[in-house]
Each structure stands twice: as C-alpha cells, then as structure tokens.
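Subject: Structure for your review

Dear colleague,

Please find below the structure that I am handing over to you. My findings follow directly after it.

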Amino acid sequence: MKKLYGVIGAPIEHSMSPLIHNDAFHQKGYNAHYQAFHVEPKNLKEAVVGMRALGVSGFNVTIPHKEAIIPLLDEVDDAAGRIGAVNTVVNRDGILFGYNTDGRGYVEALKEITSLSNKRILIIGAGGAARAIFYTLAQEEGIQVDLYNRTASKSADLIHEFSLGHLAQTISLDEAIERLGDYDVVVQTTSVGMFPKTDESPVPLKKIKQGAVFSDIIYNPYETKLLKDAKVLGAVTQNGVHMFAYQAALAFEHWTGHLPDTDRMKKLVKEQLGGISC
Ligand code: NAP
C-alpha cells in the first residue's frame with residue numbers, strides 16, 4: 001500500500017516540501033506520497049489524532065506548530081526537547097516520535113562552504129530558527145557564537161538557557177555594525193528581507209572580514225539584500241535553500257533510513273524560485 005507523508009502548517013499553500021519529497025520518493029523508488037495540509041492552531045490536536053488514526057507514516061511540522069506539537073507526541077528526542085521545537089514526526093507502529101532537523105540541517109549546509117573550527121560566528125536573530133541553529137552550533141568544538149537580536153533580552157535568555165555564557169555573548173545593533181569585521185561567519189536568521197519586503201536588511205554593512213561567510217536562511221527572495229551587500233564587499237554567500245534542502249533530507253532519512261540527493265532538492269527549489277547562483 002502507498003505510504004502517506006505530509007507537512008502541517010498555516011499558511012502552507014506555498015510550501016516547497018511536497019515538490020522535493022515527492023521527487024525524492026520517486027527517485028528512490030518508494031511507493032509513497034507527500035501532501036501539504038493546512039492546519040489552523042485550533043485544529044492541531046485533532047490533526048495529530050487524525051494523522052495517527054489514518055496511519056500516516058511521517059510528517060513535517062512548520063509555522064506555527066513546531067512548539068505546540070510537542071505535548072501531543074509520544075516521544076521527543078533530546079535535541080528537539082532542548083530546542084523546544086519539532087519539525088519532523090515519525091510514526092513507528094502508532095507511536096509518534098518528534099525530531100528537529102532544522103539545526104543539524106543548517107550546520108550541515110554551512111559546513112559545505114566553511115570549516116567551523118576556531119571560527120567567530122555572529123547569529124542575527126533569536127527566534128525559533130535561531131534557537132535550533134544556536135543550540136546545534138554550540139555543540140561544535142572551539143567556536144565562539146555571539147548573538148544580535150532586535151529584542152536583546154531574547155538573545156540573552158538563549159545564552160543563559162543553554163548555559164553558554166563562556167562562549168557566547170549578546171551584542172547590540174551598534175556593536176554588530178562596528179564589530180562585523182571581527183566575524184568569520186555571519187548567520188542571518190530573522191525574517192527581515194523576506195518577500196515582499198526585499199529591500200530591507202537587519203544590519204547595514206560597513207566593513208566585513210576578508211573572506212567572511214554570510215549565510216541567510218531566507219530563500220524567498222533567492223538572494224536577500226544582506227547577501228547582495230555582503231557579496232559586493234567580497235563575502236562568500238549562502239542562501240536559505242541549502243538549509244531547507246538539508247533539513248528536508250534529514251527528515252527523509254528519519255522516515256526511510258536513506259538520505260536523498262540534496263543537490264537535486266536544491267536544484268528543484270531554485271528552479272521553482274527562478275533563482276540565480278547563491
Ligand atoms: P520567529 O521565531 O518568528 O523569529 C523571528 C526573528 O526575526 C526574531 O529574532 C525577531 O526579532 C526578528 N525580526 C522580525 N521582524 C524584525 C524586524 N522588523 N527587525 C528586526 N528583527 C526582526 O521566526 P523563525 O521561525 O525563527 O523564522 C525566521 C526566518 O527564517 C523566516 O524568514 C523563515 O522563513 C526562515 N526559516 C528558514 C528555514 C530554512 O529551511 N531555510 C527554516 C526555518 C525558518 P524579535 O525577537 O526582536 O522579535
């Protein structure tokens with residue numbers, strides 16, 4: 001019988017997850033289908049009961065349900081529990097297991113373009129995605145990760161919560177502008193610059209480090225203003241398609257035990273977005 005997978009969120013109609021997962025199932029020869037389901041917050045509990053009753057084999061969870069789904073699952077892995085968000089659910093014989101592939105997906109993508117050892121990293125933002133990325137980066141040896149967020153108390157809370165005071169500090173916008181040239185890697189995780197407000201950037205760029213990596217997890221637009229500005233100053237840039245493909249690939253691996261072709265996933269998303277190289 002065909003296995004059913006999916007993604008729940010609201011809004012969900014523009015999700016590119018069905019495109020890449022259905023293609024990956026086809027490529028790997030699985031008899032499976034992946035479907036997007038629009039689920040409003042008030043219906044989340046019933047949706048999870050329905051997924052279980054219908055025997056859906058696994059599903060992704062996106063905005064706004066990543067945190068709220070946790071108490072509705074049977075088991076949550078350690079990293080997802082600490083991050084406080086689940087984006088991938090696996091149904092094993094009726095038991096629903098939750099995982100978070102955002103943080104690992106991001107870090108795997110980043111490692112494609114830079115090594116992380118002895119690097120100074122600045123994360124811009126302290127929302128849900130930043131939380132997963134910060135937690136995962138902090139597991140790496142020998143790096144320093146600073147945070148700048150519009151609401152400074154949120155970045156300070158994050159550092160305190162993960163007990164990382166020894167290798168992380170929160171900085172202000174003025175400090176971020178002045179000291180940007182100290183960082184080897186700048187990770188942009190806010191929604192600033194996202195379609196349709198594509199002329200916005202969370203930090204104006206004065207000076208950057210020679211050969212610095214600028215990574216933006218936004219993928220619509222394909223290249224944000226921050227990445228465009230950084231490229232002009234000589235940065236190596238990476239857009240959010242890379243994280244998107246890797247988090248999807250790791251979810252696919254949780255469901256099937258096999259990794260799909262991430263380059264093919266990136267290519268499909270790029271074609272869909274009409275992107276240029278980034
Ligand atoms: P979130 O939890 O709502 O966090 C939003 C972040 O953006 C917060 O740090 C917030 O700062 C900041 N922000 C929002 N508006 C701002 C403004 N006008 N000026 C300065 N800062 C502002 O959202 P999220 O789930 O982390 O997602 C953030 C972005 O990542 C979205 O664009 C999402 O599409 C993208 N994303 C991409 C992937 C991928 O696979 N590539 C995965 C997940 C998310 P405050 O704390 O001050 O409000």
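Helix α9 makes the largest contribution to the shell around the ligand, with 3 residues. Please note that this is a predicted model.

The ligand site

In total, 21 residues surround the ligand, and the closest are Asn149, Thr151, Lys154, Met194 and Ile217.

For Ala129, a backbone N or O atom is found 2.8 Å from a ligand oxygen. A backbone N or O atom of Phe244 is placed 3.5 Å from an oxygen atom of the ligand. Of the 930 Å² that the ligand exposes when taken alone, the protein buries 73%. The elements giving two or more residues to the shell around the ligand are α5 (128–137) and α9 (240–256).

The nonpolar core

The largest nonpolar core contains 30 residues, and the members with the most contacts inside it are Tyr106, Ile121, Ile123, Ile133, Phe134 and Leu137. At least two residues of this core come from each of α4 (102–111), β7 (120–124), α5, β8 (144–148), α6 (152–161) and β9 (185–188). Helix α5 supplies the largest share, 6 residues. Because domain 1 (3–100 + 242–272) and domain 2 (104–238) both contribute residues, this core lies between them.

A buried serine

Ser155 belongs to helix α6. With a relative accessible area of 0%, Ser155 is buried, since the cut-off for that term is under 20%. A polar atom of the Ser155 side chain lies 2.9 Å from the backbone oxygen of Ala152.

Backbone features

Most residues other than glycine have a negative phi, and most peptide bonds are trans.

Two cis peptide bonds deserve mention. One joins Ala10 and Pro11, with omega about 0 degrees; Pro11 sits in the loop between β1 (3–9) and α1 (17–28). Another joins Ile63 and Pro64, with omega about 10 degrees, and Pro64 is in the loop between β3 (58–61) and β4 (75–76).

Positive phi values are found at two residues other than glycine, as follows. Asp93 has a phi near 50 degrees and is located in the loop between β5 (88–92) and β6 (95–99). Its relative accessible area is 84%, so Asp93 is exposed. Asn118 has a phi near 60 degrees and occupies the loop between α4 and β7. With a relative accessible area of 67%, Asn118 is likewise exposed.

With kind regards

Note on methods:
Residues are numbered from 1 along each chain as its sequence is written. This is a predicted model: local features need pLDDT of at least 70, side-chain atom pairs count only at pLDDT 80 or more; totals for chains, interfaces and linings use all residues. Side-chain values use heavy atoms; hydrogens and water are left out. A residue is near a molecule or strand if one of its heavy atoms lies within 4 Å of it. A polar contact is a pair of N or O atoms within 3.5 Å; within protein, one must be able to donate a hydrogen and the other to accept it, and residues adjacent in sequence count only if both atoms are side-chain atoms. Accessible areas come from the Shrake-Rupley method with a 1.4 Å probe; for residues, only the protein chains shown count as cover. Helices (H or I, at least four residues) and strands (E, at least two) are DSSP runs, numbered from the N terminus. A nonpolar core is a set of buried Ala, Val, Leu, Ile, Met, Phe, Trp, Tyr and Cys residues joined through side-chain atoms within 4.5 Å. Buried means under 20% relative accessible area, exposed over 50%, partly exposed in between (1.4 Å probe, protein chains only). Domain bounds come from an automatic or database domain assignment.
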